[in-house]
Amino acid sequence: MAFAVARTRDEAHLYLDLHPCACGSVETTWDSGLVSAGGELANRYSGACESCGRAREYLFGLPEKPVMPAGYPTFGGAEASQLLDAGEWLWVADLTAGNVPVDDRAEARRTLAVAAAAVEEVVKFIPPGADEVPDDGFWSDRGQGVRAAEPGRFQLDRLLIVRDTYRELKARHA
């Protein structure tokens, strides 16, 4: 049984935040560690929902080569995500960029770093020589909904402008 790969801890935690408990809460203190599952190694995240006490568990595959990117956030290497589709990444970028604090420069930089990195994750779904995210870059309901609402937002030139704008705004908060 193959598990979707969590390229980094930041990507795994973002995925966990986007998949709340059945009660609706995302508040869980996660323990993680390597386990053998179905004959292969996996990274197991487990914990109890802080709202209802329900046990929660997720198993993620391990990347072939560990990703050790510098900085914050560290979502992954050059390959596209297996956990979040292109539409979900753009949804994360939109949500994050819409919540940049105006009274805390350090937190504004961190928030804009997440937004820019999330857009960069969308770009990773575009094959070399292509100019937009292909159909197979969308598999979740949320991601497909974001794409259906504004399909033009997944064109490479538009994504690069948005990413670069977030980077420029981040630099202004230095």
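Visitor: What is the handedness of the crossing in which α2 passes α3?

Guide: The model is a predicted one. In it, helix α2 passes helix α3 in a left-handed crossing. Two packed helices are described by the angle between their axes and the distance between those axes. Here the axes of α2 (residues 86–97) and α3 (residues 105–123) come within 8 Å and cross at roughly 160°. Angles over 145 degrees count as roughly antiparallel, so α2 is roughly antiparallel to α3.

Visitor: Which residues of α2 and α3 make the contact?

Guide: On the α2 side they are Ala-86, Trp-89, Leu-90, Val-92, Ala-93, Thr-96 and Ala-97. Helix α3 contributes Thr-111, Val-114, Ala-115, Ala-118, Val-119, Glu-121 and Val-122. Sorted by class, this contact has eleven nonpolar, two polar and one charged residues.

Visitor: At what angle do α3 and α5 pack?

Guide: Again one reads angle and distance together. Helix α3 packs against helix α5 (residues 156–172) at an angle of about 165°, and their axes are 8 Å apart. The angle makes α3 roughly antiparallel to α5, and the crossing of these two helices is left-handed. The residues of α3 that meet α5 include Leu-112, Ala-116, Val-119 and Glu-120; among their counterparts in α5 are Leu-159, Arg-163, Tyr-166 and Arg-167. By class, the contact of α3 with α5 has 14 nonpolar, no polar and seven charged residues.

Visitor: Is Arg-163 buried or exposed?

Guide: The cut-off for a buried residue is a relative accessible area under 20%. Arg-163 lies in helix α5 and has 13% relative accessibility, so it counts as buried. Leaving aside neighbours within four places in sequence, Arg-163 is in contact with Ala-116, Val-119 and Glu-120. The side chain of Arg-163 also meets that of Asp-164 in a salt bridge, at 2.9 Å from N to O. Asp-164 is partly exposed, with a relative accessible area of 30%.

Visitor: How many salt bridges does a search of the whole structure find?

Guide: The search finds ten salt bridges. One of them joins Glu-121 to Arg-7, with the closest N and O atoms 2.6 Å apart. This pair links distant parts of the chain, 114 residues apart: Glu-121 is in helix α3, while Arg-7 is in the segment before α1 (9–17). Both Glu-121 and Arg-7 are buried.

Visitor: How do the axes of α2 and α4 cross?

Guide: The axes of α2 and α4 come within 7 Å and cross at roughly 75°. Angles of 65 to 115 degrees count as roughly perpendicular, which means that α2 is roughly perpendicular to α4. The contact is made by Gly-87, Glu-88, Leu-90 and Trp-91 of α2 and by Arg-142, Gly-143 and Val-146 of α4. By class, it has three nonpolar, two polar and two charged residues.

Visitor: Where is Gly-145 placed?

Guide: Gly-145 is in helix α4 (residues 141–149). It is partly exposed, with a relative accessible area of 38%. Gly-145 and Trp-91 are 54 residues apart in sequence, and 9.7 Å separates them in space, C-alpha to C-alpha.

Visitor: Which residues does the cis peptide bond join?

Guide: Most peptide bonds are trans. In this model, a cis peptide bond joins Tyr-72 and Pro-73, with omega about -10°. Pro-73 lies in the loop between β3 (55–60) and α2.

Definitions and conventions:
Residues numbered from 1 in each chain as written. Predicted model: local features only at pLDDT ≥ 70, side-chain atom pairs only at ≥ 80, totals over all residues. Heavy atoms only, no water. Axes fitted to C-alpha atoms, helices over the stretch in contact; angles between N-to-C directions. Helix = DSSP H or I, 4+ residues; strand = E, 2+ residues; numbered from the N terminus. Parallel < 35°, antiparallel > 145°, perpendicular 65-115°, else oblique. Left-handed = near helix turned anticlockwise from the far one by under 90°. Contact = heavy atoms within 4.5 Å. Nonpolar A, V, L, I, M, F, W, Y, C, P; charged D, E, K, R; others polar. Buried < 20%, exposed > 50% of the residue type's maximum accessible area, 1.4 Å probe, protein only. Salt bridge = Lys/Arg side-chain N within 4 Å of Asp/Glu carboxyl O.
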